[in-house]
Amino acid sequence: MTPIAHIKSLFADKFGVPRQGNLAPHVISEIIFEPAFRNPDCIRGIEGFSHLWLIWGFHCNDAAGWSPTVRPPRLGGNTRIGVFATRSPFRPNSLGLSVVKLVSVENGPVLRVSGADMVDGTPIYDIKPYVPYADSIPEATGGFTETPRPLLEVQVACRMPAKATPEWQAAMQEVLAQDPRPAYQNDPERVYHVVLLPYEVSFRVQDSLAIVTSIVRAK
């Protein structure tokens, strides 16, 4: 398959990418089309849709391989579930599927979207409109995901950079609230680091509280 576009996002690496992108609506990303698909006719009429399906590739997992069973973070990282019964990034064909909100259509053309759970530079293989009458299934069941995962409270215990926009600050809060730590790690003294461009955020977690200890310019 040939990528039609790539994502320009706040996430420089996998750690910190929201497990559920729609829970971080202030994370705004851009879909940058490859030259062969930069024709405005390719997206004619797309502004009539509020949400889009993105089919994309886990390009950071190329050498990781896959396993028939995985350990979902939602189940504490200890219970094994079949790979096709999860949204694990380690899959036979390394394909991801996400629904995002279309924020705006810019010249280029460029699509600005919210809720994209992807690392900066992720290849996108296709874009399809989300069609509510067919895609929304109110009676659908969610298996082991139906128990809501509690969110962390976020406390900033350091100086906020003067140039950190309100949108970036809101995005940081939403990302940390989802607890990006591996499910098996629960050391209250351990400091974690999330690169949320253009800054690197350091934090630790005590019980249900994420404490931000520093915010510095990412290298």
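This report walks through the barrel, the nonpolar cores and the aromatic pairs of a predicted model.

## The barrel

Let's start with the sheet. Six strands close into a barrel in the order β1-β2-β7-β6-β3-β8, and their pairing is antiparallel. On average, neighbouring strands of this sheet are turned by 45 degrees against each other, with direction ignored.

One of the pairings can be followed residue by residue. Strand β2 covers residues 28-33 and strand β7 covers residues 110-114; the two are joined in the antiparallel sense over 5 bridges. Here Glu30 sits opposite Arg112 of β7.

## Two nonpolar cores

Now to the side chains. The largest nonpolar core holds 25 residues, and Trp168, Met172, Leu176 and Leu196 have the most contacts inside it. Two or more residues come from each of α2 (166-177), β10 (192-196), β11 (199-206) and β12 (209-217). Helix α2 is the element that gives the most, with 6 residues.

## Aromatic pairs

The model has 5 aromatic pairs. One of them is formed by Phe15 and Tyr192, which are stacked, with 6.3 Å from centre to centre and 25 degrees between the planes. Phe15 belongs to the loop between β1 (5-8) and β2, while Tyr192 is in strand β10, so this pair ties together parts that lie 177 residues apart in sequence.

Are the two partners buried or exposed? Phe15 has a relative accessibility of 25% and therefore counts as partly exposed, whereas Tyr192 is buried at 4% relative accessible area. Tyr192 is also part of a cluster, in which ring pairs link Phe15, Tyr192 and Phe203.

Trp168 and Tyr199 make another pair: their ring centres are 5.0 Å apart and their planes stand at 75 degrees, so the geometry is edge-to-face. Because Trp168 lies in helix α2 and Tyr199 in strand β11, the pair ties together parts 31 residues apart in sequence. Both Trp168 and Tyr199 are buried.

## Following one residue

Note on methods:
Residues are numbered from 1 along each chain as its sequence is written. This is a predicted model: local features need pLDDT of at least 70, side-chain atom pairs count only at pLDDT 80 or more; totals for chains, interfaces and linings use all residues. Side-chain values use heavy atoms; hydrogens and water are left out. Two strands pair if DSSP finds at least two bridges between them. Helices (H or I, at least four residues) and strands (E, at least two) are DSSP runs, numbered from the N terminus. Axes are lines fitted to C-alpha atoms, for helices over the stretch in contact, and angles run from 0 to 180 degrees between N-to-C directions. A nonpolar core is a set of buried Ala, Val, Leu, Ile, Met, Phe, Trp, Tyr and Cys residues joined through side-chain atoms within 4.5 Å. Buried means under 20% relative accessible area, exposed over 50%, partly exposed in between (1.4 Å probe, protein chains only). Rings of Phe, Tyr and Trp (its six-membered ring) pair if their centres lie within 6.5 Å; planes under 30 degrees apart count as stacked, over 60 as edge-to-face and the rest as tilted.
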